[in-house]
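Let's take a walk through this structure together, one piece at a time.

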Amino acid sequence: MKAKHQRLMLAGLGLVAVLGASGLALSALQDEAAFFYAPADVAAKAPPTDRAVRLGGMVEAGSIRPQPDGVSIAFVVGDGKARVPVTFSGIAPDLFKEGSGVVAEGRFRADGSFAADNLLAKHDERYMPPELAGKMAAAETLEQ
Amino acid sequence: MIAEAGLAALWLAAAMALMQLVLAALGLRMGRGVLPDAPGSDRADGAGETAAQLIAGVRPVAIVQGVLAALSFVLLIWVFVVSDMSVQLVAANSHSAKPMVYKIAGAWGNHEGSMLLWVTVLALAGGAIAVLEKRLNVATLVATLGAQAAIALGFYAFLLFSSNPFTRLDPPAAEGQGLNPLLQDPGLAFHPPTLYFGYVGLSVAFSFAVGALVTRDVGPAFARAMRPWVLAAWVFLTIGITAGSYWAYYELGWGGWWFWDPVENASLMPWLAATALLHSVTVLATRDGLRAWTIMLAVVAFSMSMIGTFLVRSGILTSVHAFAVDPTRGSFILALLILYIGGALLLFGLRIGLVKQGSTFELVSREGGLVLNNLLLSVILGIVLIGTLYPIVAQAMGTQLSVGPPFFNKTTAPIALALFAAMAAGPLVRWRRDNAQALLGRLTVPIAVAALAMAAVFVFAPDAGVLPILGLGLSFGIAVASVAPLWKRDLRRTPLFTFGMVTAHLGIAVSMAGMASESAFTVERLVAVRPGQITQVGPFSVRFDGLRPAVGANWSAIEARLTVTRGDGAPLVLRPQSRFFSAPSTVTSEAAIATLFDGQLYTVLGASDEGGRWQLRLWWKPWVTLIWFGGGLIALGGALSLVGRVRRERRQPAAREAWQTAAA
């Protein structure tokens, strides 16, 4: 094989690899990307129940109810416009509390409630999920 | 005064970098065609002499730059050690009551300090090249140091104009705000510097590539000069990723060892590129093949470390790693990224056509195997890159989404398995050309072992899932294949770098076995218990004995006492805690982990309910420790190769010079 042909072949293989990776990645993204919902979005349009999504907002004051099994909780996430009931089994993050922001990962049920398998809360006063920073600012403006 | 001295040292270092760039550029321009080592010239006139003088200045300036940057960083540590609260950075990130090790680590546990560390390592690397690299063509070396100075200048500008670590606070703060408790961990002291050594090592490889493009001197000599830096960068990245993974595992209390968090991906992508580069540079050094591809990979690897720095430091992502929320900083790093990568790609496009074609090889050959390795690594890299950047692009277009483990596991795992299978075969293929049938013959034993192991796992644990069964089976096959190159060899005469390769490949097999076992056999229990209650998890029974308070230097805690027994064995006591830090005021969970020879029992204490029950989350993770043990083996293999290569280079100066004369 001539040197020039080999270089062309290698360049071609590289291109195929890059295109293959992009194609595979983009097609998988269609199925696996978790979209972000705020309670207002849920109220406006019924969310899908067949894929993992994220729900973000404020944990409403007085809404956290421990369940009898001792390891599950139910609470309500709101954004000033709408409210979504959420259930979660597991150890809630240390900074998960009423009146503070949360992002729940999980799925919507057919009745519009949300089954969370993971909760993300603020790590410390300097950390906040970016999706939430915008919503929190909006919520604070509403309160005033 | 200390802070001012640090700032002055930083300015001087920046001035040295500028001087280094100017000297290198002028010297190369004037010396074009007249430098003794430059291809095709033996002219000697006035221009040549001036050029030689300019070029002679580059090495000392690079050394002084390294010393000044190091001085600046040492002075920053100093103000942290003495808790000088009149320095804004100290007041914002430290606290006088913090243990000393975290005061020191606090110097780089923030945006400004970590960027100063970055540029310090960069400058020290430049100084090290200037001192150590004696064999490379002088013109290429000078171009390399010039490129290194150009990179450093961007970062000096970034520090001095938008992230000055030495800014004073007037009036001084009475007390510091403390360091994020999640970062108050011995792991922090080593994790960021390790990754930075890796990133910066790749910048050195990049500078070598730019230097080689400038002088069109892409050949085995250049590859041999670049290889130790790629190896070193790769070893540090491996250690950084392994340590970061273990840190996330025990510190976050979520029981997972890899979350496909964008910040983790930011360290994985340079590693993937460096792994590919490491293998292609070997082809270039040994067989003078893959010239353009190796240069391209060096550019890609550095781009990935720049993208990593950008993702982590710009505040575009939020995590414990993202200190900066100032958008101008993000724009600054983005501008640097575009400038360097765009510039390098432009240079590549303009120059690569002028680089002579390297040697060719057959499809079934060691070279062919390494090309396959590079292609598969590039595919994985492309997927991780797209998955990491997609949410940012989507957000810019008005859609909020996240891309997590389901995406990455589904897309990368099958390709990684193919890559590992190719890795098993690679070292058993001969250079230049080989016979496919003979190769298959050499692979009989590993294939048989893999098939047997898969069958065994399927019989004993049919529910393990397809990927874990394939992974566990393959890991046994790979383990056998990776030591096969030592078969029937005189071990005393086997070069150290061969042992390095064997160790690193074996490390992949060990780590993969750990990952497959963890994902297939982990047992998890989530319970609410009263004191005295017993919970079964896997082969263990865990008794919750009760709670007691505990205190540390800057925290207090509630501590649970768990008595763990396995069969008739002696009981173990584990004490998971819920810690309250006072500065800044934060609560964290401290998991308690029992490490046994065949895995880890991982326990986390949760909240209590009104009935006096406490939440406990318990995991039994068989063989999970193999993941990090394998990572350690991979890094050790890299280190052995590095030592082996450097020793061989030292021992064979004559051969090298003979080669250079022949090439010229």
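In strand β4 of chain A, residue A:Val77 is the bridge partner of A:Val59. The two strands involved here are β2(A) and β4(A), the latter covering residues 72-78, and they pair in the antiparallel sense over 2 bridges. Keep in mind as you look around that this is a predicted model.

Stay with β2(A) for a moment, as other strands pair with it too. Strand β6 of chain A, residues 101-108, joins β2(A) in the antiparallel sense, over 6 bridges. To find this pairing in the view, look for A:Leu55, which stands opposite A:Ala104 in β6(A). With β1(A), by contrast, β2(A) pairs in the parallel sense, over 2 bridges. Here you can pick out A:Phe36, whose bridge partner in β2(A) is A:Arg54.

How enclosed is strand β2 of chain A by the rest of the structure? Of the 7 residues in this strand (53-59), 7 are buried, so β2(A) is largely enclosed by the rest of the structure.

Now follow β1(A) across to the other chain. Strand β1 of chain B, residues 401-402, is joined to β1(A) by 2 bridges, and the two strands run antiparallel. One pair to look for is A:Phe35 with its bridge partner B:Leu401 in β1(B).

That link brings us to the contact between the chains, where 43 residues of chain A meet 41 residues of chain B. On the chain A side, at least two residues each come from α1 (3-32), β1 (34-37) and α3 (130-143). Which element gives the most to this side? It is α1(A), with 18 residues. By type, the chain A residues touching chain B divide into 26 nonpolar, 8 polar and 9 charged.

Finally, turn to chain B itself. Its division is into domain 1 (1-176), domain 2 (190-423), domain 3 (443-505 + 628-664) and domain 4 (523-622). Between domain 1 and domain 2 of chain B, the C-alpha centres lie 23 Å apart. Their contact takes 29 residues from domain 1 of chain B and 28 residues from domain 2 of chain B. On the domain 1 side, α5 (111-132) and α6 (138-162) of chain B each supply at least two residues, and the largest share, 11 residues, comes from α6(B). The residues on that side of domain 1 divide into 17 nonpolar, 10 polar and 2 charged.

Methods:
Residues numbered from 1 in each chain as written. Chains lettered and ligands numbered in written order. Predicted model: local features only at pLDDT ≥ 70, side-chain atom pairs only at ≥ 80, totals over all residues. Contact = placed C-beta atoms within 7 Å. Helix = DSSP H or I, 4+ residues; strand = E, 2+ residues; numbered from the N terminus. Nonpolar A, V, L, I, M, F, W, Y, C, P; charged D, E, K, R; others polar. Pairing = 2+ DSSP bridges. Buried ≥ 20, exposed ≤ 12 C-beta atoms within 10 Å, placed from the backbone. Domains from an automatic or database assignment.
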